[in-house]
Amino acid sequence: MNVLNFLLQNQGTQWLDYLLIISIVVAIFAFMFSNRGVRKAGYLGKPPEIHTELMCIECGFKEIRKFREGDYIGKTTDEKCKKCGAPVHINLIYTLFSPMEEKNQ
Ligand SMILES: [Zn+2]
């Protein structure tokens, strides 16, 4: 009987140890997942890259560059056409989304 009591007591403490380990593991996982959530929110909150499409008034040559503050469709910029040197105007302003990248995250 003493041996049985000893075994039961021992199992009892082992169970407590497991409980402690499990709660630590759960805490680590919770921490990891909360970190992931923050990172994901940060990724989603990141402003998408905006592009501006410039079109030459004379020859219609198109050039794409990054959006700059003050850009609007129809604006004639200070830039010159790389083909003929004529002034260019903003033809299009757009953003690029890649749904594949979002799925992988
Ligand atoms: Zn041109």
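Me: Let's start with E1 and E2: in which sense do they pair, and over how many bridges?
Reply: E1 and E2 pair in the antiparallel sense over five bridges, where two strands count as paired if DSSP finds at least two bridges between them. Strands here are DSSP runs of E with at least two residues, helices are runs of H or I with at least four, and both are numbered from the N terminus. This is a predicted model, in which local features need pLDDT of at least 70 and side-chain atom pairs count only at pLDDT 80 or more, while totals for chains, interfaces and linings use all residues. Residues are numbered from 1 along each chain as its sequence is written.

Me: Which residue in E2 stands opposite Met55?
Reply: Met55 stands opposite Lys62, and Glu53 has Ile64 of E2 as its bridge partner. Five residues lie between the strands of this hairpin, and Gly60 takes a positive phi near 80° there.

Me: And what does E1 do with E4?
Reply: Strand E1 (residues 50–56) pairs with strand E4 (residues 87–95) in the antiparallel sense too, over seven bridges. Within that pairing Ile50 is opposite Thr95, and Thr52 is opposite Ile93.

Me: How many bridges join E3 to E4?
Reply: Two bridges join strand E3 (residues 76–80) to E4, and the strands run antiparallel; Lys80 has Pro87 in E4 as its bridge partner. E3 and E4 form a hairpin with six residues between them, and Gly85 in the turn has a positive phi of about 80°.

Me: So what order do the strands take in the sheet?
Reply: The order is E2-E1-E4-E3, in an open sheet of four strands with antiparallel pairing. Strand E2 (62–66) and E3 are the edge strands, since each pairs on one side only. From one strand to the next the twist averages 45°, with axes fitted as lines to C-alpha atoms (for helices over the stretch in contact) and angles running from 0 to 180 degrees between N-to-C directions.

Me: Switching topic: where does Pro48 lie, and is it buried or exposed?
Reply: Pro48 lies in the loop between helix H1 (2–45) and E1. Pro48 counts as exposed because it has 10 C-beta neighbours inside 10 Å; a residue is exposed if 12 or fewer other C-beta atoms, placed from the backbone, lie within 10 Å of its own, buried if 20 or more do, and partly exposed in between.

Me: What is Pro48 in contact with, beyond its neighbours within four places in sequence?
Reply: Pro48 is in contact with Thr95, Leu96 and Phe97, a contact meaning that the C-beta atoms, placed from the backbone, lie within 7 Å. The C-alpha atoms of Pro48 and Phe97 are separated by 7.3 Å, although the two residues are 49 apart along the chain.

Me: Last one, which element has the lowest mean pLDDT?
Reply: Helix H2 (residues 99–104) has the lowest, at 56, whereas E1 has the highest, at 96; pLDDT is the predictor's confidence in each residue, from 0 to 100. For the protein chain the mean is 81, with 68% of residues reaching 70 or more. Where pLDDT is low, the predicted coordinates should not be read in detail.

Methods: Two residues are in contact if their C-beta atoms, placed from the backbone, lie within 7 Å.
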